[in-house]
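Let's take a walk through this protein together. Have the sequence and the 3D view open as you read.

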Amino acid sequence: MIRSDLKTLSKRGKYALRALYCLGREYGKGPILIATIAATEQIPKKFLELILLQMRDRGIVASKKGKGGGYALAKPPEQITLGSIIRIIDGPLAPLPCASETAFRKCDECVDEKRCGTKLVMRQVRDAMSAILDHTTIADVNDTVNNVEEEMAEPEELMYYI
């Protein structure tokens, strides 16, 4: 059996991003009910509640109670990066603790951390992931999805040959 301990995006992380994409699409239109987000994004409501509470506590979303209440982004979707969300939900981006800048921890099996080839490569992996995730916003993802949907909606031109 092949096993990989390299970091993957958790289900919680995937759900958090999907919920924020939904809130990003509705930014500026007022709060959205958790039930609406859960149904639209097919996220279990109880799980979503915990995620949104964590996002609220970190200043990513704001909540409003009562009639007309729900959740909304606390800042524009152009200011929320995927990297910041993944770090909140899943922790450091580095695939190994020895490659992390914010949560460095020497690997138990490491013989010489200064000359460890795996650590050097995993730092490059972390840097590449960070370069993408820290420069991609909720708005960027929604724009990309909208562009793909528009391209798919355009009817294909038929070409007739004789």
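Below is a short tour, from the overall layout to a few single residues.

## Before you start

This is a predicted model, in which local features need pLDDT of at least 70 and side-chain atom pairs count only at pLDDT 80 or more, while totals for chains, interfaces and linings use all residues. Residues are numbered from 1 along each chain as its sequence is written, and side-chain values use heavy atoms, with hydrogens and water left out.

## Overall layout

The protein has 6 helices and 2 strands, in the order α-α-α-β-β-α-α-α from the N terminus. Here helices (H or I, at least four residues) and strands (E, at least two) are DSSP runs, numbered from the N terminus.

Of its 162 residues, 35% count as buried; buried means under 20% relative accessible area, exposed over 50%, and partly exposed in between (1.4 Å probe, protein chains only). The accessible surface comes to about 11000 Å², with 55% of it belonging to carbon and sulfur atoms; such areas come from the Shrake-Rupley method with a 1.4 Å probe, and for residues only the protein chains shown count as cover. Among contacts (heavy atoms within 4.5 Å) with a separation of 6 or more, 64% link residues 24 or more positions apart.

## The nonpolar cores

A nonpolar core is a set of buried Ala, Val, Leu, Ile, Met, Phe, Trp, Tyr and Cys residues joined through side-chain atoms within 4.5 Å. The largest one here has 31 residues, and Leu20, Leu23, Met55 and Ile85 have the most contacts inside it. At least two residues each come from H1 (11-25), H2 (34-41), H3 (45-57), E2 (70-73), H4 and H6 (138-153). H1 gives the largest share, 8 residues. Apart from this core lies another, of 7 residues, including Ala94, Cys98, Cys107 and Met122.

Helix H1 is worth a look of its own. Its 15 residues reach 21 Å from first C-alpha to last, close to the 21 Å expected at 1.5 Å a residue; the expected span is 1.5 Å times one less than the number of residues. Among its buried residues are Tyr15, Leu17, Leu20 and Leu23. Leaving out residues up to four places away in sequence, Leu20 touches Met55, Ile60, Val61, Leu73, Ile85 and Ile138.

## The hairpin

Strands E1 (residues 61-64) and E2 run antiparallel and are joined by 4 bridges; two strands pair if DSSP finds at least two bridges between them. Lys64 has Gly70 in E2 as its bridge partner. The hairpin has 5 residues between the strands, and Gly66 there takes a positive phi near 85 degrees.

H4 (residues 82-90) is mostly covered, with 7 of its 9 residues buried. Ile85, Ile86, Ile88 and Ile89 are among these buried residues. Just after H4, Gly91 takes a positive phi of about 90 degrees.

Is Ser84 buried or partly exposed? Ser84 counts as partly exposed because its relative accessibility is 26%. The side chain of Ser84 reaches the backbone oxygen of Thr81 at 2.7 Å. The C-alpha atoms of Ser84 and Leu133 are 8.0 Å apart, although 49 residues separate the two along the chain.

Thr137 sits in the loop between H5 (117-133) and H6. With a relative accessible area of 9%, Thr137 is buried. Setting aside neighbours within four places in sequence, Thr137 is in contact with Pro77, Glu78, Ile80, Thr81 and Leu82.

How values were computed. A polar contact is a pair of N or O atoms within 3.5 Å; within protein, one must be able to donate a hydrogen and the other to accept it, and residues adjacent in sequence count only if both atoms are side-chain atoms.
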